[in-house]
Amino acid sequence: MSEGTTPRFRSVLDRFVAYKPGKVVVSPEGRSYKLSSNESPAGPLPSVVEAISAAALTVNRYPDNNCTALIDTISATFGVPADHVAVGCGSVGVTQMLLEAVAEPGAEVIYAWRSFEAYPLLVSLSGATSVQVTLRDEAHDLDAIADAITEHTRLIFICNPNNPTGTIVRRPELEAFLDRVPADCLVVLDEAYREYVRDDAVPDGLELYGDRPNLAILRTFSKAYGLAGLRIGFMVAHPEVAAAVRKTFLPFSVNAVVQAAAIASLAATDELLTRVESTVKERERVRDTLIADGWTVPPTEANFVWLRLNERTLDFSAACDAQGVSVRPFPGEGARVSIGSPEENDAFLAVAHTYPHRN
C-alpha cells in the first residue's frame, strides 16, 4: 500500500456537517438549565419505568424485529390498520428509512428552510438533491413549495408545527397544497410536536391521509411521551408506502426496552397528556412574558419559542450560556428555546429580560 494514502470515502462527506445535539452549559454558580433540545422536562411515569425495568432483564435476547406488539398497540391507539404502520429509531430514523426508500441520485427532495436541521443531512446522505424553500413570516410558504416541484421531485417534507419556529400550517391551505402535488410524489407530514397543538385549525394528519395514497405521517415518542433517550418513532401511511419503508429497516434497531416503554407510554396516554398541558401553559406564559418585555415572538404550537436575532444570535446564546441556560442558536438566524420546568423557564426569562438588544 502506498504511503500517505487513506481509505476512500464518499465525496459528500467533504461538504458534510454532522448533526450537533443541544449542549449542556453550567453557570459560575453551578446551575444548568438545558433548553436546547425540545425534551420533556418530566421523567418517565412510574408505569413506564416499571416496563423499562422488566424489559431490561431480557436484553440478552434479540428484540422482536417486526415490533409486532408495538405496532398492534399503535394501530389500536390511533385507529389505523397495522399494515399502515412502520417504526424506527426515532422519527429521524424513520425519516432516513423514507429517504432510503424513495431517494437516489438525480431525485429531488423539497422542504422549507429553516426547518428540522436533520433534513439536509439525511437528504445529502441519500444521494438526492435538496431543494430548500424559504419560510415566509417564519412559516411554510406552501405555494412556493408547490411551484418548486419538478419531474425529479420524489419527496416533500412539511414539518407541522415547524421546528424551529413553532409556526403551523392550517387545514385549508394544506389540503389545497396537497391537491397540487403529483400523485407519484410523496408528501411527509412531520408531526413530531402534534401533542402540543391547541389551534383547532391545525389538521391531524391521521385524519387526512386516508384518501391520499401519497401522504405519510410521522410521529415520535421523544417529545410529549418523554422517551427521547430511548429513540422510537413511527410512520402511518398507505400499505404500499409502509411496506416500502419497512424494507429499509435496519434489523433490530428498535430495541426491546424501547418497545416495552412505548407500549407502556401509550397505555398511560391520558396521564402523559396532563403533563403536556402543563408544558402548553408554560409555553404561553413564556411567550407572553417575552412579548411584554419587548421581544417579537411568533405564535407557536410546539414546545419551544423562536427568537429571530439575526447577527445577534450567537451573542444572545453566549449570554444565556453565562447563566447556565443552554438554548439552540442558528447562527445568523435566531435561537430556539425549549419549554422546560417553571424554574428553567424563569432562568431563561431572566436572561432575556436583561439582554440589551431585543428584537
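Here's a quick briefing on the salt bridges in this structure.

The model is predicted, so local features need pLDDT of at least 70 and side-chain atom pairs count only at pLDDT 80 or more, while totals for chains, interfaces and linings use all residues. Residues are numbered from 1 along each chain as its sequence is written, and side-chain values use heavy atoms, leaving out hydrogens and water. The structure holds 18 salt bridges, each being a side-chain nitrogen of Lys or Arg within 4 Å of a carboxyl oxygen of Asp or Glu.

**K34 and E39**
- K34 pairs up with E39 in a salt bridge, with 2.8 Å between the closest N and O atoms.
- K34 is partly exposed at 24% relative accessibility, and E39 is partly exposed too, at 32% (buried means under 20% relative accessible area, exposed over 50%, partly exposed in between, with a 1.4 Å probe and protein chains only).

**Links between distant parts of the chain**
- R212 and D179 form a salt bridge, their closest N and O atoms 3.0 Å apart.
- R212 lies in the loop between β6 (186-190) and β7 (215-220), and D179 sits 33 residues away in helix α6 (residues 171-180). (Helices, H or I of at least four residues, and strands, E of at least two, are DSSP runs numbered from the N terminus.)
- R212 is buried at 16%, whereas D179 is exposed at 58%.
- R198 meets E277 in a salt bridge at 2.9 Å, N to O.
- R198 is partly exposed at 35%, and E277 is partly exposed at 30%.

**A network**
- Salt bridges link D143, D147 and R180 in a network.
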